[in-house]
Amino acid sequence: MSLHSSGHPLVAHKLAILRDKTTEPKKFRELVRELTWLLGYEAMADLATRPEPIETPLEPMTAARLEPRVGLILILRAGLGMVDAMLELLPTVEVWHIGLYRDERTLKPVEYYNKLPDAATVQICLILDPMLATGGSSAATVDILKEWGAARIKQVSLIAAPEGVATLSAAHPDVDIHVAALDSHLNERGYIVPGLGDAGDRQFGTFAGPASEPGHAADDETAEVVRRLQRGIGES
Ligand code: PRP
Ligand code: URA
């Protein structure tokens, strides 16, 4: 398993404000953007460079240019808030959107949008999604990208649960996972604890009411899905 959890104090500081339930959507969006910038920078530390001769105003030299073609794959809708920061780091990359939402009862990902071209056009795919909870959305995205022909894939998320990391690593051990924090566990509704709540709702101010709150009691089917995932970790 290749899990990189940032130990950077700036990341920890910004994440603390992001998690706080009193943080408003405007501030929340700013922090998602800033954290993505910092995590993206860390996630790309091992990208290959090629030598390129250039001339500075003083003399010729051999400089380093980024070698691989990188593509950003953002998972709608919560991944939207991560794109601008990555585009600041990599202004010329291709950006692809995949629409997935998590069925609230089964916790399984449901695909509703995918306009990837027939064959892969990039060598490295960075999947952007703030939350890696059960890992279902992420593993499904990697399935899609591998079928597309993606050679190398990294997942950049703000917070992961151990259950999600285990699911993604078991299905796709070759995928690097970069996060700001690895949290304790999933609650019976499949929300990350302590987490930050619903990343999409908190970015876009869409609060559907108490029954949809991350801490609200789950029905039996959902709770059993979570227990199964947790037993899986215990056995591995
Ligand atoms: C959230 C999040 C991930 C997914 C993670 O999206 O952005 O895509 O849940 O959960 P998983 O690891 O258990 O699959 P959500 O389904 O809430 O959709 P939204 O972004 O449209 O709000
Ligand atoms: N999706 C979220 O937005 N938050 C969680 O904790 C789990 C899934």
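The side chain of Gln155 makes a polar contact with the side chain of Ser157, at 2.9 Å. A polar contact here is a pair of N or O atoms within 3.5 Å; within protein, one must be able to donate a hydrogen and the other to accept it, and residues adjacent in sequence count only if both atoms belong to side chains. Gln155 sits in strand β9, residues 152–160. Helices (H or I, at least four residues) and strands (E, at least two) are DSSP runs, numbered from the N terminus. Gln155 is buried, because its relative accessible area is 0%. Buried means under 20% relative accessible area, exposed over 50%, and partly exposed in between, with a 1.4 Å probe and protein chains only.

A word on the basis of these values. This is a predicted model, in which local features need pLDDT of at least 70 and side-chain atom pairs count only at pLDDT 80 or more, while totals for chains, interfaces and linings use all residues. Residues are numbered from 1 along each chain as its sequence is written, chains are lettered from A and ligands numbered from 1 in the order in which they are written, and side-chain values use heavy atoms, with hydrogens and water left out.

I turn to the aromatic residues. The structure holds 3 aromatic pairs. Rings of Phe, Tyr and Trp (its six-membered ring) pair if their centres lie within 6.5 Å; planes under 30 degrees apart count as stacked, over 60 as edge-to-face and the rest as tilted. Trp96 and Trp148 form an edge-to-face pair, because their ring centres are 6.1 Å apart and their planes stand at 70°. Trp96 belongs to strand β5 and Trp148 to helix α4 (residues 136–148), so this pair ties together parts that are 52 residues apart in sequence. Trp96 is buried at 19% relative accessible area, and Trp148 is buried at 7%.

The rings of Tyr101 and Tyr112 have centres 6.1 Å apart and planes at 35°, so that pair is tilted. Tyr101 lies in strand β5 and Tyr112 in strand β6 (residues 109–114), so the pair ties together parts 11 residues apart in sequence. Both are partly exposed: Tyr101 has a relative accessible area of 45%, and Tyr112 has 46%. Together with Tyr113, Tyr101 and Tyr112 make a nonpolar surface patch of about 330 Å². Like charges are joined within 9 Å, and nonpolar side chains (Val, Leu, Ile, Met, Phe, Trp, Tyr) within 5 Å.

Next, the ligands. What surrounds ligand 1? There are 13 residues, the closest being Arg102, Asp129, Ala133, Thr134 and Ser137; a residue counts as near if one of its heavy atoms lies within 4 Å. Oxygen atoms of ligand 1 lie 3.1 Å from a polar side-chain atom of Arg77, 2.5 Å from an N or O atom in the side chain of Asp129, and 2.9 Å from a polar backbone atom of Gly135. The protein covers 90% of the 500 Å² of accessible area that ligand 1 has on its own. Accessible areas come from the Shrake-Rupley method with a 1.4 Å probe; for residues, only the protein chains shown count as cover.

Residues around ligand 2 include Arg102, Met131 and Tyr191. A nitrogen atom of ligand 2 is 2.8 Å from a polar backbone atom of Gly197, and an oxygen atom of ligand 2 is 2.8 Å from a polar backbone atom of Ala199. For ligand 2, the protein covers 88% of the 240 Å² of accessible area it has on its own.

Note on methods:
Patches are made of residues with over 30% relative accessible area and no salt bridge: like charges are joined within 9 Å, nonpolar side chains (Val, Leu, Ile, Met, Phe, Trp, Tyr) within 5 Å. A salt bridge is a side-chain nitrogen of Lys or Arg within 4 Å of a carboxyl oxygen of Asp or Glu.
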